[in-house]
Amino acid sequence: MIPLNEIGQIALSVDDLDKAVAFYRDTLGLKHLFSAPPSLAFFACGNIRLMLSGGQKPEAEKYSAALYFKVEDIAETHQSLRDRNVSFEAEPHLVARMPSHELWMAFFRDPDRNLLALMCEKKC
């Protein structure tokens, strides 16, 4: 058996592609790689590509996922996004204490209510 271990792309369904592109590009600062017909937009997230799929017909397949953005300084990133009018569900908080680090998270949503999070592994 050949094991799977690396994600190359994550897909999200969005209702308004233009609004979603503006949020991910302008508000979150992700690099917009390209757009493709009929209604796709692709972004760089480190080594993973994010695909936004808009204008779905009611019977079309919907994508649902939670995206966790790994950050070095969760407090600074949280404040930077708040300054750009991102509304968080809660302040950054400790999720778990590991032997070598603490795992901190802060959750927010995109315009289509997809769950997004900041994730920070603070060294002990």
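Strands E5, E8, E7 and E6 form an open sheet, in the order E5-E8-E7-E6, with mixed pairing. Strand E5 (67–70) and strand E6 (93–97) stand at the edges with a single partner strand each, so one side of each has no neighbour in the sheet. On average, neighbouring strands of this sheet are turned by 30° against each other, direction ignored. This is a predicted model: local features need pLDDT of at least 70, side-chain atom pairs count only at pLDDT 80 or more, and totals for chains, interfaces and linings use all residues. Residues are numbered from 1 along each chain as its sequence is written, and side-chain values use heavy atoms, leaving out hydrogens and water.

**Terms for the sheet**
- Helices (H or I, at least four residues) and strands (E, at least two) are DSSP runs, numbered from the N terminus.
- Two strands pair if DSSP finds at least two bridges between them.
- Axes are lines fitted to C-alpha atoms, for helices over the stretch in contact; angles run from 0 to 180 degrees between N-to-C directions.

**Around the sheet**
- E6 and strand E7 (residues 101–109) run antiparallel, joined by four bridges.
- Leu-94 stands opposite Trp-104 in E7.
- Helix H2 (residues 74–83) packs on the sheet and touches E7 and strand E8 (115–123). Contact means heavy atoms within 4.5 Å.
- The direction of H2 makes about 150° with that of E8.

**The largest pocket**
- Its volume is about 410 Å³.
- A pocket is an open set of points on a 1 Å grid over the protein atoms alone, where a 1.4 Å probe fits, with protein on both sides within 12 Å along at least five of seven lines; lining residues have an atom within 4 Å of a point.
- A volume is the space filled by probe spheres set on the points, which are joined across faces, edges and corners.
- The lining has 19 residues, and the closest to the pocket centre are Leu-30, Cys-45, Tyr-68, Phe-69 and Lys-70.
- Strand E4 (48–54), E5, H2 and E8 each supply at least two lining residues. E5 gives the most, with four residues.
- The lining divides into 16 nonpolar residues, two polar and one charged. Ala, Val, Leu, Ile, Met, Phe, Trp, Tyr, Cys and Pro count as nonpolar, Asp, Glu, Lys and Arg as charged, and the others, Gly among them, as polar.

**Two buried residues**
- Buried means under 20% relative accessible area, exposed over 50%, and partly exposed in between (1.4 Å probe, protein chains only).
- Leu-50 lies in strand E4. Its relative accessible area is 1%, so Leu-50 is buried.
- Beyond its neighbours within four places in sequence, Leu-50 has contacts that include Ile-10, Tyr-24, Phe-43 and Leu-67.
- Leu-50 and Leu-67 are 17 residues apart along the chain, and their C-alpha atoms are separated by 9.4 Å.
- Thr-27 belongs to helix H1 (residues 17–27). Thr-27 counts as buried because its relative accessibility is 17%.
- Leaving aside neighbours within four places in sequence, Thr-27 touches Ala-22, Leu-81, Arg-84 and Val-86.

**Backbone features in the loops**
- The peptide bond from Pro-37 to Pro-38 is cis, with omega near 5°. Pro-38 sits in the loop between strand E2 (31–36) and strand E3 (40–45).
- Asn-85 is not a glycine, yet has a positive phi of about 70°. Asn-85 is in the loop between H2 and E6, and counts as exposed at 71% relative accessibility.
- Arg-113, not a glycine either, has a positive phi of about 70°. Arg-113 lies in the loop between E7 and E8, and is exposed at 56% relative accessible area.
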